[in-house]
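Colleague: I'd like to learn how to read a few features from a model. Could you take me through them one by one?

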Amino acid sequence: MARSIAILGGTGAEGSGLANRLARAGERIVIGSRDAQRAQETAKQLGERIGGSAQIEGTDNVSAAARCEVAILTVPFSGQAALLKQLKNVWKPGTTVIDTTVPLAASVGGAATRMLGVWQGSAAEAAAEMLPPGVSIAAAFQNLSAELLAGDVPVECDVLVCSDEEKAKQLAMVLAEKIPGVRAWNGGKLENARIVESITALLIGLNIRHKVHSAGVRFTGLPEKSS
């Protein structure tokens, strides 16, 4: 049976892209949004595009988080803290949160190629402080192109997964490799998310300079992944 995965902030480009790819892989997706109607419309559009096999619906963020075992956080950094505070008493024990947040200056009106300083070190570490006991966190997906996620062709990009909890890390790696073309790697402790998050700003700069939307990262010299 497919697990239920909430995509919080799932009407945005990154969230809807991940919803698209994971639904195509057979996962049961619940798109969350501040506006339940907007989430339902996004879910309907994705379902029609993917076809009859898609298990995808939309609701508000609180309802989505309350009914799922896995939640992928895809809101801008400026909205991360407010949403996590709203969900503090909503999470079910044993839930795994996968944080994709990048503290780009663009979230507060600055340049998309610059990072904001985060007291905790990274957006993922900040999120970890706002989760209740019994809810685990992994950081992943920060470097994937939203434009490529919206389609159905292979995504030529590696995903580094950082977490202090092995179960959360392995779950995020399994989900990442459901996206064709993606290879997932153990990125170590959650504190390493500060490095992974900063790569996004570099990729945005490359996209701008080369007038593309698909820059990604590949790591060489590592063992071949089995297909």
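Modeller: Buried means under 20% relative accessible area, exposed over 50%, and partly exposed in between, using a 1.4 Å probe and protein chains only. Bear in mind that this is a predicted model, in which local features need pLDDT of at least 70 and side-chain atom pairs count only at pLDDT 80 or more, while totals for chains, interfaces and linings use all residues. Residues are numbered from 1 along each chain as its sequence is written, and side-chain values use heavy atoms, with hydrogens and water left out.

Colleague: Which residue forms a salt bridge with Glu 125?

Modeller: A salt bridge is a side-chain nitrogen of Lys or Arg within 4 Å of a carboxyl oxygen of Asp or Glu. Here the partner of Glu 125 is Arg 194, with 2.7 Å between the closest N and O atoms. The two sit in distant parts of the chain, 69 residues apart: Glu 125 in helix H5 (residues 123-129) and Arg 194 in helix H8 (residues 193-210). Arg 194 is partly exposed, at 36% relative accessibility.

Colleague: How many salt bridges does a search of the whole structure find?

Modeller: Seven salt bridges turn up in that search. One of them joins Arg 67 to Glu 57, with the closest N and O atoms 3.1 Å apart. This pair is ten residues apart, with Arg 67 in the loop between helix H3 (61-66) and strand E4 (70-73) and Glu 57 in strand E3 (residues 55-60). Arg 67 is partly exposed at 40% relative accessible area, and Glu 57 is partly exposed at 34%.

Colleague: Are Asp 158 and Arg 183 buried or exposed?

Modeller: Both Asp 158 and Arg 183 are buried. They form a salt bridge whose closest N and O atoms are 2.8 Å apart. That pair also links distant parts of the chain, Asp 158 in strand E7 (residues 158-161) and Arg 183 in strand E8 (residues 183-186), 25 residues apart. A network of salt bridges links Glu 156, Asp 158, Arg 183 and Arg 218.

Colleague: How many helices and strands are there in the chain?

Modeller: Helices (H or I, at least four residues) and strands (E, at least two) are DSSP runs, numbered from the N terminus. The chain has eight helices and eight strands. Its radius of gyration is 16 Å, close to the 17 Å that the globule rule gives for 227 residues, so the chain is as compact as a globular protein of that length. The radius is taken over C-alpha atoms, and the rule is 2.2 Å times the number of residues to the power 0.38. Of the 227 residues, 52% count as buried.

Colleague: How many disulfides does the structure hold?

Modeller: A disulfide is a covalent bond between the sulfur atoms of two cysteines. The cut-off here is a pair of cysteine sulfur atoms within 2.5 Å. This structure holds zero disulfides. For Cys 157, the closest cysteine sulfur is in Cys 162, 14 Å away and too far for a bond. Cys 157 is buried, with a relative accessible area of 3%.

Colleague: What volume does the largest pocket have?

Modeller: On a 1 Å grid over the protein atoms alone, a cavity is a set of points where a 1.4 Å probe fits but cannot get out, and a pocket is an open set with protein on both sides within 12 Å along at least five of seven lines; lining residues have an atom within 4 Å of a point. Grid points are joined across faces, edges and corners, and a volume is the space filled by probe spheres set on the points. The largest pocket has a volume of about 990 Å³. It is lined by 40 residues, and Ala 13, Glu 14, Thr 74, Val 75 and Pro 76 lie nearest its centre.

Colleague: Which residues line the largest cavity?

Modeller: Phe 141, Gln 142, Asn 143, Leu 144, Asp 158, Val 159, Leu 160 and Val 196 do. The largest cavity holds about 30 Å³ of space. Strand E7 gives the largest share of its lining, three residues. Phe 141 has a positive phi of about 70° although it is not a glycine, and it is buried at 1% relative accessibility.
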